[in-house]
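Reader: Could you take me through this model?

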Amino acid sequence: MGRIALVRIDSRLIHGQVVAKWIRQINANGIVVMDDELSQDPFLKRVYAMAAPPGTPVNIMSVAAFVERWNKDQFGNRTLLVICRSVASARYAYENGFPLENLQVGGLGGGSGRVNVYQNITLDEKDVEDLEFLQKGGVKIIFQTIPEDTPASFDSVKGKVFE
Amino acid sequence: MISVEKLEFTEGVPVVILVTHGKAGEGLIESAEMIMGPMENVVAISLMPGQDPADYRGEIEKVLDSTSNPALILADLFCGTPSNSAAILSSARNIVAVSGLSLPMLIEAVNMRGNLSIDELAKVVIEAAQDGVKDIVEALNAID
């Protein structure tokens, strides 16, 4: 039976050494990038898939396609690293049937209205709202960039957005 | 951020474009000039913290559009934003781009660009960059 070993939010999706570390850490043998927009763009899909470590299969699919496949055969025997690009997309996945239990916020860059809350992870107020929604639904949320870092809890960092 | 004020390139000399996170490219140009003296037709486009990737791609296009000379893009990190910018632009225009930018790669690009087509230049700079990676003491010990 396949299993989802890690669900990670990273605006860079698959990028080199960080993803390679997580793959080793969780012993993943498959990456799924869950992104409705990207799944519609065959060229961009190739650009992002190129970043995966050689030998690790990558699927870039919409949330609906993931949920359907998951319910059908759990991706066979694969141990999956699932990546989505934003807090909003993680919430959207959760609301559309994705079996989200643990969520790692791993990389979110700057921009207007965004505040650095932990290492170089930023959040804005909408992100906090969405994460609170997920947390109320029972999702466990941590902030962590690489395996060597101490994870921070959502509760411990969210206040910084409102300072 | 583009390292030169005016995009004016000498005719007939391929343009070498360094695309990097932050100003690594600008620094590398300074380093190369310590060895090569002043270099023409080399420009660094630095991805600044928080810069929108589409904006960054626009800067690369601006440099490419400013000249009819062939151009070789050298990117710091494979699949980083600068490298992906070149990849994305390749769907709409002819792009020759190599990742793994290093000082030997830059020097080779400048040394060999007068003699080779841009595609051949890409191949030789890859080789030069790879050849530049050695265990120094081991190499020394291998000499009688």
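Reader: How does the lining of the largest pocket divide by class?
Author: In this predicted model, the lining has 19 nonpolar, 18 polar and twelve charged residues. Nonpolar here covers Ala, Val, Leu, Ile, Met, Phe, Trp, Tyr, Cys and Pro, charged covers Asp, Glu, Lys and Arg, and the others, Gly among them, are polar.

Reader: Which residues lie nearest its centre?
Author: Of the 49 lining residues, A:Ser11, A:Arg12, A:Gly109, B:Pro53 and B:Thr81 do. A pocket is an open set of points on a 1 Å grid over the protein atoms alone where a 1.4 Å probe fits, with protein on both sides within 12 Å along at least five of seven lines; lining residues have an atom within 4 Å of a point.

Reader: And the second largest pocket, what lines it?
Author: It has 21 lining residues, with A:Met50, B:Phe78, B:Ser83, B:Ala97 and B:Val98 nearest the centre. By class, 15 are nonpolar, five polar and one charged.

Reader: Changing topic: how many residues has the largest nonpolar core?
Author: It has 35, and A:Phe66, A:Phe98 and A:Leu131 are among those with the most contacts inside it. Such a core joins buried (under 20% relative accessible area, 1.4 Å probe, protein chains only) Ala, Val, Leu, Ile, Met, Phe, Trp, Tyr and Cys through side-chain atoms within 4.5 Å.

Reader: What does A:Leu131 touch?
Author: Beyond neighbours within four places in sequence, A:Leu131 is in contact (heavy atoms within 4.5 Å) with residues including A:Val87, A:Leu103 and A:Phe154. A second, separate core of 23 residues includes B:Leu28 and B:Ile107.

Notes
Residues are numbered from 1 along each chain as its sequence is written. Chains are lettered from A and ligands numbered from 1 in the order in which they are written. This is a predicted model: local features need pLDDT of at least 70, side-chain atom pairs count only at pLDDT 80 or more; totals for chains, interfaces and linings use all residues. Side-chain values use heavy atoms; hydrogens and water are left out. Buried means under 20% relative accessible area, exposed over 50%, partly exposed in between (1.4 Å probe, protein chains only).
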